[in-house]
Amino acid sequence: MHPAYSVIFFTTASGAGYGALSLLGINALFGHLPTDRWLGFAAMAVALGLITGGLLSSTFHLGHPERAWRAVSQWRSSWLSREGLLSLITFVPAGLFGIGWVFFGQTSGVWAWFGGAAAVLALLTVYSTGMIYVSLKPIPNWNNRWVTPIYLVFSLATGATWLYALLRLFGLNPYPLAVFAAIFGALAWAAKLGYWRFIDGAPATSTTATATGLGNDHAGEEGRVRLLEAPHLEENYLQREMGFQVARKHGSKLRRIALVSGGIALLLLLGSGASDGVIGLLAAVVAAGLTGVAVLVERWLFFAEAKHAVTLYYGAERI
Amino acid sequence: MTSLPQNATGTKLGLVIDLDICVGCHACAVSCKEWNAGGHSAPLTDDKPYDKDPLSVWFNRIHSFEVGVGQESRTVHFPRSCLHCEEPACVTVCPTGASYKREEDGIVLVNADTCIGCKLCSWACPYGAREYDHADGVMKKCTLCIDRIHNENLEEVDRVPACVSTCPAGARHFGDLGDENSDVSRLVAERAGYALMPEMDYKPVNRYLPPRPRSSRQTPATDYEPATTGGGDAPASAGFLAWVDQMLSR
């Protein structure tokens with residue numbers, strides 16, 4: 001699949017924003033949230049800024065962004081519609097929660113319940129994002145059980161990492177948050193490793209033989225079907241959008257880059273909590289940056305490595 | 001509404017494509033392009049048609065495959081267009097309701113006035129039936145020539161999709177695959193017509209008729225002996241006459 005930057009940025013930024021928002025909401029429910037208004041302003045600005053920026057960027061790839069409002073109408077059948085609707089509804093409790101924190105300096109009582117509602121809706125939105133990909137049968141790399149949990153864990157891990165860096169900038173050192181971020185980060189990368197192993201070893205869902213009904217996959221060379229002549233010499237929309245190919249060696253190199261930078265970020269997170277000073281702060285900020293790079297690479301690969309069934313008509317032998 | 005129709009009439013208009021007959025001439029693709037460039041989903045934009053990296057919208061594409069290897073291999077021309085599935089995920093994933101399946105005849109269409117151009121439907125289609133029109137910013141697809149088949153201004157004989165009326169080999173058939181007594185349904189039953197990628201569970205309506213088993217050739221072409229000279233009545237065993245001999249001996 002063509003890795004469109006707008007969608008990669010959207011899923012990464014919004015994912016982190018929703019993760020941060022849900023952590024803020026949950027901590028408000030348990031009474032762990034500081035009432036400092038400026039901190040509240042910064043935290044809500046980062047969370048909602050990432051969410052809104054991501055959502056806006058996702059409209060850039062639309063042919064008719066001015067009609068985007070129509071996308072909330074088909075929630076009965078479409079995960080994309082559900083995601084759109086949930087993302088909009090989330091703004092209501094999230095906004096009220098932010099108002100309580102920033103304008104009234106309150107994060108408990110009814111304001112905490114707004115936070116809790118925002119947390120649930122934020123996670124549901126990320127769940128729907130994952131389900132958009134899961135619902136696409138022609139892309140076996142996406143149509144499996146790994147995808148949605150990974151979206152959720154990455155959302156919480158990146159949200160926690162970036163939130164921790166922000167709190168450090170405010171001179172706070174909530175070490176449990178760093179530990180939470182590290183644990184969820186470790187979970188996320190472990191799940192991603194499992195996902196990569198799964199997609200590398202998965203049996204073919206479809207082949208040129210099933211796509212054309214010609215030949216026979218079980219008859220060896222004699223049953224082999226191969227493309228002799230494509231319908232057109234230049235790439236069409238289908239090939240540009242769905243036929244993106246990443247060389248296997250680049251793929252494995254990028255996987256290592258994602259894993260190593262994500263892994264270093266985990267160590268930095270754990271180490272940063274030990275120092276309340278500038279070194280700890282720097283470590284937290286670098287961890288946030290490295291996490292961003294790692295997740296962007298991981299997200300790019302999620303698209304670039306995904307093979308679509310239509311490629312079977314253009315020379316691919318199996319997906 | 002992108003939920004699938006609940007009160008479908010049972011009519012399933014679709015195509016039956018005979019892979020045994022198709023000669024790969026691309027006439028159906030060209031005719032489709034010609035009709036639809038002025039039809040329901042017009043225009044089918046050609047971006048930079050005479051330049052580097054042209055990009056055009058077509059509803060029908062003809063692939064050629066080679067099946068098997070060596071002397072037993074054969075070339076099969078394979079027209080590919082929308083299959084008007086019974087369970088089309090391209091419809092259910094649409095967030096706006098622009099993509100829909102008609103209750104009365106099962107045709108899958110796009111409403112160009114409400115499509116936001118998110119392209120998700122094209123991702124959901126394993127058959128590559130949908131092509132995005134960058135100039136219009138909306139998705140386009142085969143309409144089964146909805147503006148021909150129900151058009152009472154046309155002679156009845158012309159009320160078939162452009163690809164069907166054009167095919168010089170008679171490899172394309174149009175009809176109601178929901179009616180088991182229709183000509184197309186009988187053809188499918190007789191020739192063991194099949195659906196593409198049944199594992200996707202989209203339940204395509206269109207059917208493909210497999211190439212017939214080839215007539216067995218006892219003597220491979222390379223074993224022909226060179227023509228004998230001066231042998232008046234000796235059967236010609238090479239070249240054009242050998243071919244005539246082989247064809248007449250079938």
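B:His26 lies in the loop between strand E1 (13-18) and helix H1 of chain B, where helices (H or I, at least four residues) and strands (E, at least two) are DSSP runs numbered from the N terminus. The model is predicted, so local features need pLDDT of at least 70 and side-chain atom pairs count only at pLDDT 80 or more, while totals for chains, interfaces and linings use all residues. Residues are numbered from 1 along each chain as its sequence is written, and chains are lettered from A and ligands numbered from 1 in the order in which they are written.

Phi of B:His26 is near 70 degrees, a positive value in a residue other than glycine. B:His26 is partly exposed, having 17 other C-beta atoms within 10 Å; with C-beta atoms placed from the backbone, 20 or more such neighbours within 10 Å make a residue buried, 12 or fewer exposed, and counts in between partly exposed. B:His84, in the loop between strand E5 (74-80) and helix H2 (89-92) of chain B, has a positive phi near 45 degrees and is buried, with 26 other C-beta atoms within 10 Å. A cis peptide bond, with omega near -10 degrees, runs from B:Ala42 to B:Pro43. Most residues other than glycine have a negative phi, and most peptide bonds are trans.

Strand E1 also belongs to an open, mixed sheet of three strands, ordered E10-E1-E11 in chain B. E10 (172-176) and E11 (207-209) of chain B stand at the edges with a single partner strand each, so one side of each lacks a neighbour in the sheet. E1(B) and E10(B) pair in the antiparallel sense over five bridges, pairing requiring at least two DSSP bridges between strands. B:Val16 has B:His173 of E10(B) as its bridge partner.
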